[in-house]
Amino acid sequence: MQALIAIDQGTTSTRSIVFDRRGQRLGVAQLELPQSYPQSGWVEHDAAQIWEHTVRSVRGALQDAGLQAADIAGIGITNQRETTVIWDRATGEPIHPAIVWQDRRTSEFCRKHASKSEWLAERTGLLLDPYFSATKIAWILDHVDGARARAEAGELAFGTIDCWLLYKLTGGQVHATDATNASRTLLFNLRTQDWDDELLKIFKVPAALLPEVKDCAADFGKTDPALFGAPIRIAGIAGDQQAATIGQACFLPGMLKSTYGTGCFALLNTGATP
């Protein structure tokens, strides 16, 4: 049998599901993810706990399906999107709790730079808002002792949750993300389909922090064999609302998907036109 595993790392839980070739569910495991609220308007996750829950859920889903790693053709990852993790490349340990997409601690920065909103929207498709990753990255670099200097020296890595999990799943061998997650950072140029030097300068984000950007369906490497008993190829990544849009087959321009979860999100397929 060749089955697939979907890892769904969301805001309130981590879930893994095993599917057969017809899309029928064979096994599932899910763990609740606690939230932390250090101050009013602040929301954090323990990135190490997210990693631990991901491993446990994959193992649990395999057990529920009665399968082994050798039976799995590939893993796909979908994730809460803008949530920001920065970690030490040498140890793989986060330098600060993950700052969740809901967090509002960088509101003042966004107010001060409101004049750039239209230019940023033209380049990124996004509003200037604490929701997105760029200001969260800058906040961590400015509030963790020595972090900015270490980032500029290439000692640290940034990732949204997909990227963090990919790095850990591959034993630190792959630092990459996909275009859907990159496009939610305020650092990704929609037209060049890459990180934008001018955006990096505005938000004071060192390029050395950033992952490689790949398509949703790409070769993202293989899992460390020690995790699940054999290596499993990681073959796809998409941020949660985009993944839902793909799942609902909104492949033609004009199709729209509304997702109801921790929030409400509407995504419209605009075809090749940003």
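## Charges over rings

The charged end of Lys214 lies over the ring of Phe220, 6.0 Å from its centre; the criterion is NZ of Lys or CZ of Arg within 6 Å of the ring centre and within 35 degrees of the ring normal. Over the ring of Trp42 sits the charged end of Arg105, 3.8 Å from the centre.

## Basis

The model is predicted: local features need pLDDT of at least 70, side-chain atom pairs count only at pLDDT 80 or more, and totals for chains, interfaces and linings use all residues. Residues are numbered from 1 along each chain as its sequence is written, and side-chain values use heavy atoms, with hydrogens and water left out.

## Aromatic pairs

Eight aromatic pairs are counted (ring centres of Phe, Tyr and Trp, the last by its six-membered ring, within 6.5 Å; planes under 30 degrees apart are stacked, over 60 edge-to-face, the rest tilted). The Tyr131 and Phe132 rings have centres 4.8 Å apart and planes at 35 degrees, so this pair is tilted. Tyr131 and Phe132 are both buried (under 20% relative accessible area, 1.4 Å probe, protein chains only; exposed is over 50%, partly exposed in between). One aromatic cluster is formed by Trp101, Tyr131, Phe132 and Phe265.

## Strand 6

In strand 6 five of five residues are buried (strands are DSSP runs of E, at least two residues; helices are H or I, at least four; both are numbered from the N terminus). Thr84, Ile86 and Asp88 point one way, Val85 and Trp87 the other. Strand 6 pairs with strand 8 (residues 156-160) in the antiparallel sense over five bridges, pairing requiring at least two DSSP bridges. Leu156 in strand 8 is the bridge partner of Asp88.
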